[in-house]
Amino acid sequence: MAHVRMMPVVVVVTVLAGLAAPVHAQDWRGAGRVEGKVLDDSGAPLEGVTLNASLPEREGETTLRTDKKGRWVLGGIAAGTWNIDFQLDGYVTRQISVKLPSESSRLAPMEVRLVKAAPAGPSTPRRPFPFTG
């Protein structure tokens, strides 16, 4: 009989555990804001740059892209040190860390510059070692 009474408790605990997981996954949400512009070496805006932002201490992570003017906004985020990777084909990936001091902080817009990646040209064939002897 005790086994039958325990069944509803197990079901309730399982359901509550399943509901708690999405809450933990969104723990990086807040009222903070970080924004900026991505430019190339000459100062021209770069459209379509992928930003991968993570907040390791809260296991938060999100991805966004720059608009045609190179602008991006990471809003609704929690305080902490955010690691942001800027990636665009043909450019060297840039990694920065931004400290958001409080839940309601709004940092001044930042400017990030990406440099062109070295072209991946054909590999130079090795010359055979001259045999002497």
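Are W72 and F86 buried or exposed? Both W72 and F86 are buried, where buried means under 20% relative accessible area, exposed means over 50%, and partly exposed lies in between (1.4 Å probe, protein chains only). The views below come from a predicted model, in which local features need pLDDT of at least 70, side-chain atom pairs count only at pLDDT 80 or more, and totals for chains, interfaces and linings use all residues. Residues are numbered from 1 along each chain as its sequence is written, and side-chain values use heavy atoms, with hydrogens and water left out.

**View 1. An aromatic pair of W72 and F86.** A search of the whole structure turns up one aromatic pair. W72 and F86 sit edge-to-face, at 5.8 Å centre to centre and with 70 degrees between the planes. Rings of Phe, Tyr and Trp (its six-membered ring) pair if their centres lie within 6.5 Å; planes under 30 degrees apart count as stacked, over 60 as edge-to-face and the rest as tilted. W72 belongs to strand β4 (residues 71–77) and F86 to strand β5, so the pair ties together parts that are 14 residues apart in sequence. Helices (H or I, at least four residues) and strands (E, at least two) are DSSP runs, numbered from the N terminus.

**View 2. An open sheet of four strands.** The order across the sheet is β3-β2-β5-β6, and the pairing is antiparallel. At the edges are β3 and β6 (94–100), each of which pairs on one side only. From one strand to the next, the twist averages 20 degrees; the axes behind such angles are lines fitted to C-alpha atoms, for helices over the stretch in contact, and angles run from 0 to 180 degrees between N-to-C directions. Two strands pair if DSSP finds at least two bridges between them. Strands of a sheet pair through backbone hydrogen bonds, either parallel or antiparallel.

**View 3. β5 and its partners, β2 and β6.** Here β2 meets strand β5 (residues 80–87) in the antiparallel sense over five bridges. With β6, β5 pairs in the antiparallel sense over seven bridges, and W82 stands opposite V98 in β6.

**View 4. E59 in a loop.** This residue is found between β2 (50–55) and β3 (60–65). E59 has a positive phi of about 55 degrees although it is not a glycine. With a relative accessible area of 60%, E59 is exposed.

**View 5. Salt bridges in the structure.** There are four salt bridges, each being a side-chain nitrogen of Lys or Arg within 4 Å of a carboxyl oxygen of Asp or Glu. One of them links E35 and R33, whose closest N and O atoms are 3.1 Å apart; E35 is partly exposed at 22% relative accessibility, and R33 is partly exposed at 24%. Another joins R71 to D67 at 3.0 Å between the closest N and O atoms, with R71 partly exposed at 41% and D67 partly exposed at 28%. R113 and E111 also meet, at 3.4 Å from N to O: R113 is partly exposed at 35%, whereas E111 is exposed at 53%.
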